[in-house]
2 protein chains.
Amino acid sequence: MTAGSPDTTPDGALPRPRGGRMPRRERRVQLLESALEVFVAQGYHAAAMDDIAERAGVSKPVLYQHFPGKLDLYLALLDASCDTIIDGCREALASTTDNKDRVAATMKVFYSYVASEEGAFRLVFESDLTSEPDVRERVDRVTIECASMIADVIRTDTGLPDEASELLAVSLVGMAQVSARFWLAGGGGITQDDAAALIAGLAWRGIRGYPMTDDH
Amino acid sequence: MTAGSPDTTPDGALPRPRGGRMPRRERRVQLLESALEVFVAQGYHAAAMDDIAERAGVSKPVLYQHFPGKLDLYLALLDASCDTIIDGCREALASTTDNKDRVAATMKVFYSYVASEEGAFRLVFESDLTSEPDVRERVDRVTIECASMIADVIRTDTGLPDEASELLAVSLVGMAQVSARFWLAGGGGITQDDAAALIAGLAWRGIRGYPMTDDH
DNA sequence: CTGCACGCCGATCTTGACCTCCACGATGTT
DNA sequence: AACATCGTGGAGGTCAAGATCGGCGTGCAG
């Protein structure tokens with residue numbers, strides 16, 4: 001009549017063994033990993049601190065000895081994920097000077113980001129805490145920063161005005177993120193590389209012919 | 001030094017006068033309007049039923065005499081907003097047989113939707129209740145339905161396989177919705193028509209040359 | 001004039017989630 | 001080998017927000 005095995009959780013994610021103590025630094029990263037898994041699977045609001053602690057195989061007070069509160073924990077993970085995509089985008093743009101390759105490389109970065117095992121992209125593209133200004137600011141900053149870097153290229157290579165360059169760049173980012181998310185949700189009808197290449201082709205055909213450009 | 005007038009709320013939205021009774025049907029639509037304003041301004045979680053009732057100038061029990069719960073109220077508004085954009089998208093696609101015009105018309109629909117006074121698009125594109133399956137299903141359905149209609153055109157006019165057509169269509173939808181949202185947030189640097197035309201141009205240049213098409 | 005029905009409001013209950021207090025056991029020292 | 005110490009664990013407080021009950025005022029039929 002009691003629960004059969006106390007090691008099984010309702011949703012199938014088994015907590016780590018209640019192993020003994022651990023160096024502080026190591027414990028911290030383990031807590032971050034556990035928190036990421038829970039936030040990704042359940043969203044911010046549905047995720048309880050109890051869930052995160054249980055997932056890590058510790059009790060709640062230790063969680064609060066490492067992070068002052070739920071929001072701080074979330075922001076730490078969110079910041080890391082934001083940096084991942086922004087840095088990846090920057091590196092892709094810097095990896096070549098051929099704009100067609102730039103588009104392809106950047107698209108690949110978005111697809112890799114979305115496909116990454118941990119699912120951290122959900123914190124950025126599917127956050128359920130957008131009413132919190134700190135979160136909203138970071139989420140928006142991802143699109144704005146990525147778009148801004150792309151807009152620089154567009155502006156210098158085409159001479160379009162600032163606002164138009166920014167809007168075009170935002171469009172490309174939107175195309176990348178939305179298509180990547182739905183490619184992932186669609187299950188593997190198309191391989192990651194094929195999908196990225198297909199959308200990169202669409203983006204490049206759209207952007208390549210812009211007004212002018214005396215560079216070739 | 002005390003608050004000047006008790007009619008002013010912190011966020012500047014003034015509640016309707018505590019006017020007397022009202023026919024039931026009329027009261028219902030008024031409650032829906034008030035709820036939309038609050039949900040748009042604050043998001044689902046931050047919006048309290050007290051806020052909605054106060055905004056409507058009634059007390060909470062009245063709200064519960066019209067809607068069984070917070071989620072039902074939200075879903076009613078969400079459904080209406082989903083239908084608005086899906087129907088608009090369908091009509092835009094049916095409004096002409098020239099694909100260039102189709103792209104322009106559809107883009108215009110997205111920009112109008114986002115620019116509409118009530119801001120109902122936020123329930124769809126910026127929902128903070130995606131952990132709720134009922135909400136998730138409706139939000140995803142907007143992109144999927146719009147993309148599906150566009151994919152039909154792409155597939156029949158180019159002969160591309162289903163998966164590729166769908167992914168291209170999703171990309172165009174993503175471009176439209178993300179760029180429209182950031183155009184709105186950017187404040188009026190570009191007029192609505194100019195922005196829609198600019199992005200429509202980008203989309204059309206991208207999609208027009210696809211593999212084949214014996215129609216001209 | 002009087003009784004009735006209807007819709008509305010103030011005040012309250014309860015749930016659930018974030019956040020801390022008292023006992024236990026493992027480790028390093030003498 | 002015995003003791004002090006520090007980290008760990010379970011149980012509990014607080015509070016916000018969704019959801020609900022007895023009284024009140026108003027308009028109408030008789």
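This is a predicted model: local features need pLDDT of at least 70, side-chain atom pairs count only at pLDDT 80 or more; totals for chains, interfaces and linings use all residues.
B:R136 counts as partly exposed, because its relative accessibility is 25%, where buried means under 20% relative accessible area, exposed over 50% and partly exposed in between (1.4 Å probe, protein chains only). B:R136 forms a salt bridge with B:D140, and the closest N and O atoms of this pair are 3.4 Å apart; a salt bridge here is a side-chain nitrogen of Lys or Arg within 4 Å of a carboxyl oxygen of Asp or Glu. Both B:R136 and B:D140 belong to helix α7 of chain B, where they sit 4 residues apart, about one turn of the helix. Through salt bridges that share partners, B:R136 and B:D140 are joined with A:R122, A:E126 and A:R181 into one network.

Residues are numbered from 1 along each chain as its sequence is written, chains are lettered from A and ligands numbered from 1 in the order in which they are written, and side-chain values use heavy atoms, with hydrogens and water left out.

With that in hand, chain A can be described as a whole. Its secondary structure comes to 9 helices and 0 strands, where helices (H or I, at least four residues) and strands (E, at least two) are DSSP runs numbered from the N terminus. Along the sequence the pattern reads α-α-α-α-α-α-α-α-α. Of the 216 residues in chain A, 48% are buried. Contact means heavy atoms within 4.5 Å, and among the contacts in chain A with a separation of 6 or more, 64% are between residues 24 or more positions apart. Chain A exposes about 10,600 Å², of which carbon and sulfur atoms supply 52%; accessible areas come from the Shrake-Rupley method with a 1.4 Å probe, and for residues only the protein chains shown count as cover.

Over all chains, the count comes to 24 salt bridges. One of the pairs is A:D193 with A:K108, whose side chains meet at 2.9 Å, N to O. This pair links distant parts of the chain, with A:D193 in helix α9 of chain A and A:K108 in helix α5 (residues 99–115) of chain A, 85 residues apart. A:D193 is partly exposed at 45% relative accessibility, and A:K108 is partly exposed at 42%. Another salt bridge brings together the side chains of A:R155 and A:D162, at 2.9 Å from N to O. A:R155 counts as partly exposed because its relative accessibility is 24%, and A:D162 is partly exposed with a relative accessible area of 44%.

Turning to individual buried positions, A:L202 is found in helix α9 of chain A and is buried, with a relative accessible area of 3%. Leaving aside neighbours within four places in sequence, A:L202 is in contact with A:M175 and with B:L168, B:S171, B:L172, B:G206, B:I207 and B:Y210. A:L202 and A:L172 are 30 residues apart in sequence, and their C-alpha atoms are 9.8 Å apart in space.

In chain B, B:I85 lies in helix α4 (residues 70–94) and counts as buried because its relative accessibility is 1%. Beyond its neighbours within four places in sequence, B:I85 is in contact with B:V109, B:F110, B:Y113, B:V142 and B:C146. B:T130, in the loop between α6 (121–125) and α7 of chain B, is buried with a relative accessible area of 15%. Its contacts, again leaving aside neighbours within four places in sequence, are A:E126, A:D128 and B:R136.

Helix α7 (residues 133–158) of chain B also holds B:E145, which is partly exposed with a relative accessible area of 30%. B:E145 and B:I86 are 59 residues apart in sequence and 7.0 Å apart in space, C-alpha to C-alpha. Finally, B:K100 lies in helix α5 (residues 99–115) of chain B and is partly exposed, with a relative accessible area of 49%.
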